[in-house]
Amino acid sequence: MRNRYFIICFVSVAVCPFLLQPLLPVKHVGSVHAAQLELFQALMAEDIVSNAPYHPTVVFSVKQKKAVCFTVFNQVPQKLIIYHNWYHRDVPSAKIRLTLKPPRWSTYSSIELNKTDIGPWRVEITDETENVLEVLRFSVTE
Amino acid sequence: MENFLLFISTIRWQDIVDISVNSYILFRFYVLFRGTNVFRVLIGMTVLWFLQRIAVSLGLIVTSWVVQGIVAVGAIIIIVVFRNEIRRVLQAKNLKSILWGLSYKTATTPTEIIAETVFQMADRKCGALIVFPGKEDLSGVVQGGTPWKGLITREMIASIFWPDNPVHDGAAIVQGDQITVVGTILPLSERDDMPSHYGTRHRAALGLAEATDALVIVISEERGDVLVAKGNRLREIKQKQTLEKNIQEHLGTAAVDKGAARKESLEIASAAMLSILFITGIWFSVSRGQDTLVSLDIPVDYTNRTAGTEIIDTSVKSVSLVLSGSGALVKSITPDQVGVRLDLSKTSVGRNTFTITSDNISLPPGIVLREVTPSEVEVYIDETIQQELPVQIDWVGKLPDNLILLEAITDPSSVKIAGSKSIIEEIKTIYTEKVLLDELSGTGQLTAKLVLSPASLKMAPGYKDEVTIQYVIRERE
């Protein structure tokens with residue numbers, strides 16, 4: 001996996017998703033895995049401040065240096081592994097392993113931006129069996 | 001011997017037809033114009049044309065220009081000067097006589113009556129001028145005259161030249177079995193070696209004979225002599241039989257003896273043979289000369305692709321052909337006359353290798369393929385499929401610092417694409433054209449074209465190549 005320019009933040013934050021909900025536009029709640037794991041919210045943001053996504057957006061300027069993929073899961077039955085797969089123009093750039101813990105869990109990953117990252121991106125959020133729970137699309141511009 | 005047989009085997013039926021048709025055209029030209037000045041001038045023009053070719057091959061630039069100019073001007077002069085002869089051949093004769101017949105004669109001239117009457121008039125010292133046109137048109141040479149169009153009889157000839165008849169001083173023109181014109185004025189010969197006892201009538205007879213291929217009979221009013229003018233000769237005829245024979249020979253109706261008939265047949269056969277040899281020679285020099293080589297880059301045309309498949313890649317887009325042929329044919333080749341076609345009807349999905357042979361190459365007649373580079377072509381064929389793919393906006397530029405693009409969705413969110421299976425399987429997203437952020441100042445909507453790359457990809461039926469983008473912009477907190 002090529003992640004030389006990534007700062008991989010698999011800082012898992014056990015925050016209450018219900019507190020975050022009113023702040024954020026809900027990005028199409030993802031599919032449920034095995035009727036137990038529920039992806040409640042997924043979005044791109046400029047940063048994480050106080051365990052919450054700050055400035056949700058779909059366009060990142062390289063001057064902002066950072067892009068964050070933030071996910072909230074409900075009904076986590078047990079300790080699970082999920083992945084944030086980052087693609088730049090359909091080319092895999094990073095596969096970040098994140099751990100979820102019951103009963104609810106929020107977690108995020110981020111990349112550091114530079115000029116070579118300009119262009120369209122997507123993040124595929126998958127479970128351990130590569131089942132795609134959600135796809136987030138954004139662009140990196142000048 | 002083997003080479004000869006090999007050569008014979010390369011002759012096509014079209015070549016035989018080509019030579020035959022042109023030989024016959026040349027032969028018919030000879031038959032229609034033989035004995036006329038047109039034919040002699042045509043021969044002269046042909047000689048000039050050969051001289052010009054020789055001058056060109058020797059590098060005599062000015063000479064070749066001059067001869068070329070003479071030939072070009074000469075062609076126009078022929079048409080203008082000999083328009084009457086050409087018109088006579090093309091209009092006066094029926095189609096059969098132009099294409100097939102060997103004689104122009106349609107009505108037999110009563111030569112015996114004419115000869116008898118001429119000598120009877122000579123005995124009475126009744127002057128006369130009787131013209132028998134040859135193959136040349138007389139209308140540009142003679143002047144005046146009264147149309148007559150009467151069947152030839154002894155009494156009619158005698159009455160025309162009777163001294164009290166107003167037209168007796170002019171000439172009578174005989175065509176077929178009719179006297180067509182009387183009282184015609186003939187051009188006078190300017191020769192100064194004519195006997196002193198010859199008068200104007202003799203000079204007129206010789207004048208027309210010199211200018212045309214006509215035969216003119218003169219009856220001297222003073223001496224009662226009968227003379228015949230033909231070419232530049234004016235000779236006295238003493239006997240009726242001799243005169244009759246002269247007329248018949250001129251008109252081509254003489255009861256020719258076996259030797260003469262054989263001679264004429266031989267002449268026609270020789271002309272036919274020469275026509276064939278001449279055209280065959282030209283055909284060989286033009287179509288079978290192999291002295292010039294040319295190299296052409298020709299695009300390969302891939303045809304008959306199986307339905308549901310697509311060409312992904314080919315090892316070459318064009319091949320280099322080395323062709324040979326005569327200089328004239330090689331110079332006249334245009335790229336659209338040469339084609340390289342590969343039939344893909346029997347190909348399978350994957351890599352297919354073709355060896356280019358002469359069967360794949362179409363060439364103009366007379367041009368021979370010497371070499372093909374490369375001789376092998378690889379064609380990659382793939383199955384054609386349709387696939388639904390998500391659409392993603394390709395944002396570029398920069399929003400003002402105080403704004404943030406919160407959300408953007410496309411309608412439709414996915415589109416169906418048709419194309420090669422191997423290509424489509426590699427594609428995960430269809431991107432829009434670049435959408436500029438700089439011009440956005442608030443929430444809104446816009447349209448953007450989709451970018452299909454590679455160009456072989458197409459939108460599936462029912463799908464448009466553009467999407468609507470709805471975007472939400474907020475001020476930064």
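Chain B of this predicted model has an average pLDDT of 85, and 91% of its residues score at least 70. For chain A, the mean pLDDT is 81, with 75% of the residues at 70 or more. For the complex, the predictor reports an ipTM of 0.80 and a pTM of 0.48.

Where pLDDT is low, the predicted coordinates should not be read in detail.

The next step is the fold of chain A. This chain contains 1 helix and 11 strands. Along the sequence the pattern is β-α-β-β-β-β-β-β-β-β-β-β. How are some of these strands joined? Strand β7(A) runs antiparallel to strand β10 (residues 119-127) of chain A, and 7 bridges join the two. One of the pairs is Trp86(A) with Val123(A), its bridge partner in β10(A). Strand β10(A) is also joined to strand β11 (residues 132-141) of chain A, by 8 bridges, and this pair too runs antiparallel. Here Ile125(A) has Glu134(A) in β11(A) as its bridge partner. Strands β10(A) and β11(A) form a hairpin with 4 residues between the strands. In this hairpin, Glu130(A) takes a positive phi near 70°.

Chain A has 142 residues, and 39% of them are buried. Among contacts in chain A with a separation of 6 or more, 65% are between residues 24 or more positions apart.

Which residues touch the most other members of the largest nonpolar core? That core has 44 residues, and the answer is Met44(A), Val59(A), Ala67(A), Leu136(A) and Phe138(A). Phe138(A) shows how parts of the chain meet. With its neighbours within four places in sequence left aside, Phe138(A) is in contact with Met44(A), Val58(A), Val59(A), Phe60(A), Ala67(A) and Trp121(A). Another core lies apart from this one and has 43 residues, including Ala122(B), Val181(B), Ala204(B) and Ala205(B).

Chain B also has a sheet to follow. In chain B, 5 strands form an open sheet in the order β13-β11-β8-β10-β14, with mixed pairing. The edges of this sheet are β13 (361-362) and β14 (368-373) of chain B, each of which pairs on one side only. Within the sheet, strand β8 (residues 292-303) of chain B and strand β11 (residues 339-343) of chain B run parallel and are joined by 4 bridges. For Asp301(B), the bridge partner in β11(B) is Arg341(B).

Finally, where do the two chains meet? The contact involves 18 residues of chain B and 14 residues of chain A. On the side of chain B that touches chain A, the elements giving two or more residues are β15 (376-396) and β16 (403-411) of chain B. By type, the residues on this side of chain B are 10 nonpolar, 3 polar and 5 charged.

How values were computed
Residues are numbered from 1 along each chain as its sequence is written. Chains are lettered from A and ligands numbered from 1 in the order in which they are written. This is a predicted model: local features need pLDDT of at least 70, side-chain atom pairs count only at pLDDT 80 or more; totals for chains, interfaces and linings use all residues. Two strands pair if DSSP finds at least two bridges between them. Two residues are in contact if their C-beta atoms, placed from the backbone, lie within 7 Å. Ala, Val, Leu, Ile, Met, Phe, Trp, Tyr, Cys and Pro count as nonpolar, Asp, Glu, Lys and Arg as charged, and the others, Gly among them, as polar. pLDDT is the predictor's confidence in each residue, from 0 to 100. A nonpolar core is a set of buried Ala, Val, Leu, Ile, Met, Phe, Trp, Tyr and Cys residues joined through C-beta atoms within 7 Å. A residue is buried if 20 or more other C-beta atoms lie within 10 Å of its own, exposed if 12 or fewer, and partly exposed in between; C-beta atoms are placed from the backbone.
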